[in-house]
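Here is a short briefing on one protein model. Keep the sequence and the structure in view as you read.

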Amino acid sequence: MATLRELLQDGRPAIGGWCSIPSPVTAEIVGRSGFDWVCIDTQHGLIGYDQMVPMLQALSATGTPVLVRVPWNRPEHVMKALDAGAHGIIVPMVNTADEAARAVEAAKYPPGGTRSWGPLRAAMAAPSYLAPEANRRTFVAVMIETPEGMRNMTDILAVPGVDAIYVGPSDLGISHGMRPDLAVRDTDHEELVRTVLRSCQRAGVHAGIHCDSPRTAQRWLDLGFQLTSLSSDAELLHAAARTAAQQLRTGSGDDSPGRDSPADND
C-alpha cells in the first residue's frame with residue numbers, strides 16, 4: 001500500500017474521504033469509493049476509540065491510507081491512534097511551534113520523538129516493522145484554525161516533521177469573528193485561507209483543506225492545495241437521502257446510477 005506521502009510525491013493532489021459515523025461498514029464503503037485517503041474523525045462526529053479500531057480494520061481491507069483526526073493534541077491520543085494502525089494523524093487547534101513539536105514528538109519514535117513502543121495493530125501489516133521505517137511512513141498534519149495559529153504560522157511550518165498544514169475553514173472563520181462556512185464565501189475568510197496556502201508553498205509544506213463539495217474542493221486544488229477532504233459520510237448520506245425524498249415528493253424522481261447494484265436486495 002502506498003503511503004499518503006508517497007502519493008503526494010507523485011505531484012498530483014490527494015483527495016480524501018471523511019468518516020464521522022461510528023461504523024466499520026460505512027468506513028469500508030468510503031474506502032472503496034475511489035478516494036486517495038480517508039480520515040476517521042475522532043474529534044467531532046460520533047467516533048470513539050473502540051469504534052475507531054474496527055473502522056481501521058475495515059479500511060485496511062480497502063488498501064486506502066488512513067489518517068485519524070485525534071480529539072486533541074495529547075500524546076495518548078496520537079500514540080493510541082498510530083498503535084491501532086492509523087498511517088498518520090491530523091491534530092486540531094495547533095497554535096504555536098511548541099504545540100506542533102509536541103504533536104510530532106508523540107507521532108515519532110526516538111530519536112525523532114517520544115512515541116512509546118507498542119504498535120499492536122500497526123506492526124501486523126508489516127512483519128519487519130521497525131522504528132525508522134515507521135517514522136518515515138507516519139504522516140503528521142497540524143491544523144491552523146485560530147488567530148494565534150495564523151500569527152505563529154511561519155514558526156509552525158519550520159517544525160521538523162510537520163508534513164502538512166490542514167485548514168478547518170469553519171473554525172478559522174469563527175475564531176476571526178466570521179460565520180462557520182466550509183464554502184468560504186466571505187472575501188476576508190478566503191484571504192485567510194489563501195494566506196495559509198502561500199505560507200505553505202514558501203515553506204515547502206503540503207497544504208490541505210476540508211471542503212463542503214466537489215466544487216469547493218476543485219476551487220482550492222486549482223489554487224494549489226495538495227490535500228482536500230470532502231464533507232463527511234454523514235453529510236453525504238443526509239444529502240443523498242434528502243434529495244431522493246424531495247424527488248419522490250415532487251414527482252421528479254428518475255433512475256439514478258447504481259440503482260441495480262449487487263447490494264440491492266429487493
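The side chains of Asp 181 and Arg 185 make a polar contact at 2.8 Å. A polar contact is a pair of N or O atoms within 3.5 Å; within protein, one must be able to donate a hydrogen and the other to accept it, and residues adjacent in sequence count only if both atoms are side-chain atoms. This is a predicted model: local features need pLDDT of at least 70, side-chain atom pairs count only at pLDDT 80 or more, and totals for chains, interfaces and linings use all residues. Residues are numbered from 1 along each chain as its sequence is written, and side-chain values use heavy atoms, with hydrogens and water left out.

**Around Asp 181**

- Asp 181 sits in the loop between α9 (169-175) and α10. Helices (H or I, at least four residues) and strands (E, at least two) are DSSP runs, numbered from the N terminus.
- Asp 181 is buried, with a relative accessible area of 7%. Buried means under 20% relative accessible area, exposed over 50%, and partly exposed in between (1.4 Å probe, protein chains only).
- A polar atom of the Asp 181 side chain lies 3.0 Å from the backbone nitrogen of Ala 183.
- Not counting residues up to four places away in sequence, Asp 181 touches Pro 169, Ser 170 and His 189. Contact means heavy atoms within 4.5 Å.

**Helices α4 and α5**

- Helix α4 (residues 75-83) packs against helix α5 (residues 97-107) at an angle of about 35°, and their axes are 8 Å apart. Axes are lines fitted to C-alpha atoms, for helices over the stretch in contact, and angles run from 0 to 180 degrees between N-to-C directions.
- On the α4 side, Pro 75, Val 78, Met 79 and Leu 82 meet Ala 103, Ala 106 and Ala 107 of α5.
- The residues of this contact are seven nonpolar, no polar and no charged. Ala, Val, Leu, Ile, Met, Phe, Trp, Tyr, Cys and Pro count as nonpolar, Asp, Glu, Lys and Arg as charged, and the others, Gly among them, as polar.
- Which residues of α4 are buried? They are Val 78, Met 79, Ala 81, Leu 82 and Asp 83.
- The cover over these buried residues includes α3 (49-60), β3 (66-69), β4 (88-91) and α5.

**Helices α10 and α11**

- Helix α10 (residues 187-203) and helix α11 (residues 214-223) pack at about 40°, with axes 11 Å apart.
- The two helices α10 and α11 are therefore oblique to each other. Angles under 35 degrees count as roughly parallel, over 145 as roughly antiparallel, 65 to 115 as roughly perpendicular and the rest as oblique.
- From α10, the contact uses Glu 190, Val 193, Arg 194, Leu 197 and Gln 201; from α11, it uses Arg 219, Trp 220 and Leu 223.
- By class, this contact of α10 with α11 has four nonpolar, one polar and three charged residues.

**Backbone angles to look for**

- Met 93 is not a glycine, yet its phi is positive, near 50°. Met 93 is in the loop between β4 and α5.
- Ser 231 also is not a glycine and has a positive phi of about 50°. Ser 231 lies in the loop between β8 (227-230) and α12 (233-250), and it counts as buried at 10% relative accessibility.
- Pro 110 and Pro 111 are joined by a cis peptide bond, with omega about 5°. Pro 111 is in the loop between α5 and α6 (131-137).
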